[in-house]
Amino acid sequence: MSKCNYAIKCRIYPNDSQIVMIEKTFGCVRKIWNLMLNDRNNIYKKDKTIYKPRPAMYKDEYPYLKEVDSLALTNAQLNLEKAFNDFYKDLNKPKSERKGLPKFKSKKKSRRSYTTNMVNENIILTDKYLKLPKIGKIKIKLHRSYNNNHLLKSVTVSKNAKGDYYASLLFEYEDNISLIPKDKINTVIGLDYKSDGLYIDSEGHKADMPHFYKKSQKKLSKAQRKLSKKIGNKKNEEKSNNFYKQLKKVNAIHVKIANQRKDFLHKLSNEITNHYELICTEDLNMKALSNKGFKNGKATLDNSYGMFIDFLEYKQERKGHHLIKVDKFFPSSQLCSDCGHKDSKMKDLSLRTYECPHCGKVIDRDLNAAINIKNEGLRLLYS
């Protein structure tokens with residue numbers, strides 16, 4: 001029996017006074033992050049020692065920090081500590097895969113969110129409202145059911161670019177699901193990434209990913225052109241009400257594209273994990289693949305293959321299934337899926353058909369790679 005977590009993200013509808021308090025909390029969390037980061041950096045430059053400040057140290061100098069939920073400020077401290085720890089852990093990794101040092105948060109660009117924890121029943125959740133510290137009862141729309149026996153651990157309140165507010169409810173529960181033994185695995189599939197359609201699997205099926213960004217690009221471009229003509233678009237120019245109205249329309253298009261993409265990926269990943277006990281895929285660096293040097297950055301980002309793999313990974317884990325990531329340097333496109341002969345000329349991406357000079361097999365390049373990924377995943381599992 002092990003403890004597991006899952007989260008439900010729901011829309012909340014705060015009233016005007018609650019919006020003021022939520023926005024104030026966003027600002028205080030951002031402020032305390034910047035204060036602690038600044039002091040930590042300055043002391044390290046001066047004495048070469050690691051200083052770990054606490055939110056309580058700043059409340060006398062900045063009294064407004066006392067007005068918001070203290071747990072939100074504490075979580076900002078924990079997040080800063082985690083960011084530094086992640087940076088130190090990645091020092092031995094290649095430079096392209098490292099996480100950078102924590103940066104200062106901007107009011108304009110940083111994500112607006114804060115997290116509070118369940119302490120002494122300070123958070124109450126019902127079918128109609130969510131009660132939060134310092135905020136009170138907020139109307140909530142629970143689109144998914146949850147088990148009343150599961151423990152509510154924390155709530156993260158956030159605001160998207162469109163201006164809508166959400167609450168991510170984190171639950172903890174005890175799970176007795178165990179991994180399927182290796183010798184009991186019956187269904188296996190290999191996935192090879194395709195920039196023009198998400199993936200092709202080892203059985204020859206293609207995902208046929210709807211390119212949501214591409215479909216909305218004309219509408220988005222029109223909205224952005226209108227925004228560029230509003231007063232306030234130029235640097236250091238005071239922004240007009242019309243600018244903010246048009247900006248909200250642009251953001252609404254971006255939010256819709258993101259929601260469409262997530263909905264598709266969730267449904268597809270759920271379908272795959274229901275049918276296959278072992279999924280084999282490549283361990284790709286999607287950030288590097290989206291680099292403009294490959295000339296397919298938009299298609300790569302529109303696919304969100306990295307997000308898709310994350311969905312597959314946690315859903316496989318919940319169901320007791322396996323997911324194997326094959327090394328990104330494994331030559332899946334160069335090996336014959338029948339005889340294993342390696343043909344180095346297949347490094348040329350313009351060659352779309354694999355013709356084995358050893359056994360004469362002729363097969364689609366991507367299908368051949370998917371089969372090789374499946375075989376390599378099986379080898380890694382049983383090695």
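A salt bridge, as the word is used here, is a side-chain nitrogen of Lys or Arg within 4 Å of a carboxyl oxygen of Asp or Glu. Going by that cut-off, the structure holds 17 salt bridges. Side chains of opposite charge can pair when their charged atoms come close. Before we look at a few pairs, some ground rules. This is a predicted model, so local features need pLDDT of at least 70 and side-chain atom pairs count only at pLDDT 80 or more, while totals for chains, interfaces and linings use all residues. Residues are numbered from 1 along each chain as its sequence is written, and side-chain values use heavy atoms, with hydrogens and water left out.

Let's start with the whole chain. Its secondary structure comes to eight helices and 13 strands; these are DSSP runs numbered from the N terminus, with helices being H or I over at least four residues and strands being E over at least two. The C-alpha trace spans about 75 × 60 × 55 Å along its principal axes. Of the 383 residues, 42% are buried. Buried means under 20% relative accessible area, exposed means over 50%, and partly exposed is in between (1.4 Å probe, protein chains only). As for contacts (heavy atoms within 4.5 Å), take those with a separation of 6 or more: residues 24 or more positions apart account for 66% of them. The chain exposes about 23000 Å², and carbon and sulfur atoms supply 49% of that. Such areas come from the Shrake-Rupley method with a 1.4 Å probe, and for residues only the protein chains shown count as cover.

Now back to the charged pairs. Lysine 52 forms a salt bridge with glutamate 81, and their closest N and O atoms are 3.9 Å apart. Lysine 52 lies in the loop between helix 1 and helix 2 (70–89) and glutamate 81 in helix 2, so the pair ties together parts that are 29 residues apart in sequence.

Another pair is lysine 325 and glutamate 313, whose side chains meet in a salt bridge at 3.5 Å, N to O. Here lysine 325 belongs to strand 11 (residues 322–326) and glutamate 313 to helix 7 (residues 305–318), so the bridge ties together parts 12 residues apart in sequence. Lysine 325 is partly exposed, at 33%, and glutamate 313 is partly exposed too, at 35%. Elsewhere, salt bridges that share partners join Lys194, Asp196, Arg352 and Asp366 into one network. Within it, the side chains of lysine 194 and aspartate 196 meet at 3.5 Å, N to O. Lysine 194 counts as buried at 11% relative accessibility, while aspartate 196 counts as exposed at 54%.

What about a charged residue without such a partner? Aspartate 201 is buried yet has no salt bridge. The nearest side chain of opposite charge, lysine 374, is 9.1 Å away; in this count Lys and Arg are positive, Asp and Glu negative, and His and the chain ends are not counted. Aspartate 201 is found in strand 9 (residues 198–201). Its side chain reaches the backbone nitrogen of glutamate 203 at 2.8 Å and the backbone nitrogen of histidine 205 at 2.9 Å. Leaving aside neighbours within four places in sequence, aspartate 201 is in contact with Ile189, Gly190, Leu191, Leu367 and Ala370.

Asparagine 270 lies in helix 4 (residues 241–275) and counts as partly exposed at 34% relative accessibility. Beyond neighbours within four places in sequence, asparagine 270 is in contact with Lys315 and Lys319. With lysine 319, the side chains make a polar contact at 3.3 Å. That term means a pair of N or O atoms within 3.5 Å; within protein, one must be able to donate a hydrogen and the other to accept it, and residues adjacent in sequence count only if both atoms are side-chain atoms.

Last, glutamate 376 lies in helix 8 (residues 365–382). At 13% relative accessibility, glutamate 376 counts as buried, and, not counting residues up to four places away in sequence, it touches Val326 and Phe330.
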